[in-house]
Amino acid sequence: MDNQEVKCSFCGRAKNEVDVMIAGVTGHICNHCISQAQNIVKEESTGVAKKEIADQIDLLKPKEIKTHLDEYIIGQDDAKKVLSVAVYNHYKRLLQVSEEKEEVEIEKSNILLVGETGTGKTLLARTIAKILQVPFCIADATVFTEAGYVGEDVESIMSRLLQAANYDVEATERGIVFIDEIDKISRKGDNPSITRDIKEGTQQALLKLLEDSIINVAPEGGRKHPDAKMVKINTKDILFICGGAFDGITRKIANRLQTQAIGFKSGDSEEIDEDNLLQYITPQDVKSFGLIPELIGRLPVLSYLNPLDEETLRRILTEPKNSIIKQYIKLFEMDDIKLSFDKGVLDFIVEKAIEYKLGARGLRSICEAIMLDAMFDLPSEEAKKEHKVTLRYAKDKFNNAKLSSLKVA
């Protein structure tokens, strides 16, 4: 059979019309049809992968996400709205199937949360991950300044996320990472200097993580070894939520608003809320604080958390599904003990939390100090079926506890 008689079984081209003709048992296929078939397989497999992700991620609408957040987190409606929309758009982006080359490509929107200590930044990120049932891990930005090899730290974050995903690479690549205390790696000022600030170098290293990069990860979280098998993690579809207190940034916001922290009416006769200047925060303020423009650009969604007042702390103590008081009542109920609190006790706990300036995080430490003896003694007292915490009891236990670690300098 000559070259003209041999034809592709799919397109009918003769052997002399193509570059390569591959013979099979009962037919032939040319290089053109192989390329076309490869593209079809790629498109089909992409569609299947997207469908699998859709099946694995319970993607709720923004209002539904916020409703779930409301069950666990009191207040912070602005931050919840921003997070709900950003997370919804991010996971819609993951489910996007490209049908045309000209189709709009949706970019990733990492998030920056600014708020005082204990206002709920970590809890928001953790609850979002729980709602979507995706892998989640927390990293502390300050470790980057302490380590000798920044790259190792970057890989350790991905290693933690991989472990949270039970070593499932595909699940890891659609997880959520919360980087706490991002403000602690701010350079000393927003003016670039000839000798680069060490913290600026740390920020530069973080860019690798936030960008669409391939990170080599040691599966067991250990250091690199020449013979160790590495896992490649693509950070393209990993959502990064960064949080920080940015202590002192309100002064920069006040200067920008041409007002002092005590507040007065602006030129547009719009009254400035001097008790919550964070609500006016812009990327410009974050840059002035010391984050480099490149890093700010990788965190396009910026939101703030309101400071917690007495009423909010009181609600946090009792209302959410996972409120501290409900947890203690459940724990004692498991020992067949009915636990109750006087109203004055709750007010006392809130008063001390405000005094120590640790926000909602301080509530648990104060409660632990008050409840420790009861949790130690009562399970062994079979005759004890009820325990009421009075204000006097709470004050005595709190004052006798060693709470020096709670105090803020």
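Biologist: How are H2 and H3 oriented to each other: parallel, perpendicular, antiparallel or oblique?

Modeller: This is a predicted model. In it, the axes of H2 (residues 62–72) and H3 (residues 77–95) cross at roughly 135°. Angles over 145 degrees would count as roughly antiparallel, so H2 and H3 are oblique to each other.

Biologist: And how close do the axes of H2 and H3 come?

Modeller: They come within 9 Å.

Biologist: Left-handed or right-handed crossing?

Modeller: The crossing of H2 and H3 is right-handed.

Biologist: Which residues meet there?

Modeller: From H2, Pro62, Ile65, Lys66, Leu69 and Asp70. On the H3 side they meet Asp77, Lys80, Lys81, Ser84, Val85 and Tyr88. By class, the residues of that contact are 5 nonpolar, 1 polar and 5 charged.

Biologist: Switching to H9. Which of its residues are buried?

Modeller: H9 covers residues 249–256, and Ile249, Ile253 and Ala254 are buried. These residues span an arc of only 145° around the axis, so they lie on the same side of H9.

Biologist: What do the buried residues of H9 pack against?

Modeller: Helix H10, residues 283–289.

Biologist: What is on the face turned away from the buried side of H9?

Modeller: That face carries Arg251 and Asn255, both exposed.

Biologist: What about the backbone just after H9?

Modeller: Gln258 is there, with a positive phi of about 55°.

Terms used
Residues numbered from 1 in each chain as written. Predicted model: local features only at pLDDT ≥ 70, side-chain atom pairs only at ≥ 80, totals over all residues. Heavy atoms only, no water. Buried < 20%, exposed > 50% of the residue type's maximum accessible area, 1.4 Å probe, protein only. Helix = DSSP H or I, 4+ residues; strand = E, 2+ residues; numbered from the N terminus. Arc of directions from axis to C-beta. Contact = heavy atoms within 4.5 Å. Axes fitted to C-alpha atoms, helices over the stretch in contact; angles between N-to-C directions. Parallel < 35°, antiparallel > 145°, perpendicular 65-115°, else oblique. Left-handed = near helix turned anticlockwise from the far one by under 90°. Nonpolar A, V, L, I, M, F, W, Y, C, P; charged D, E, K, R; others polar.
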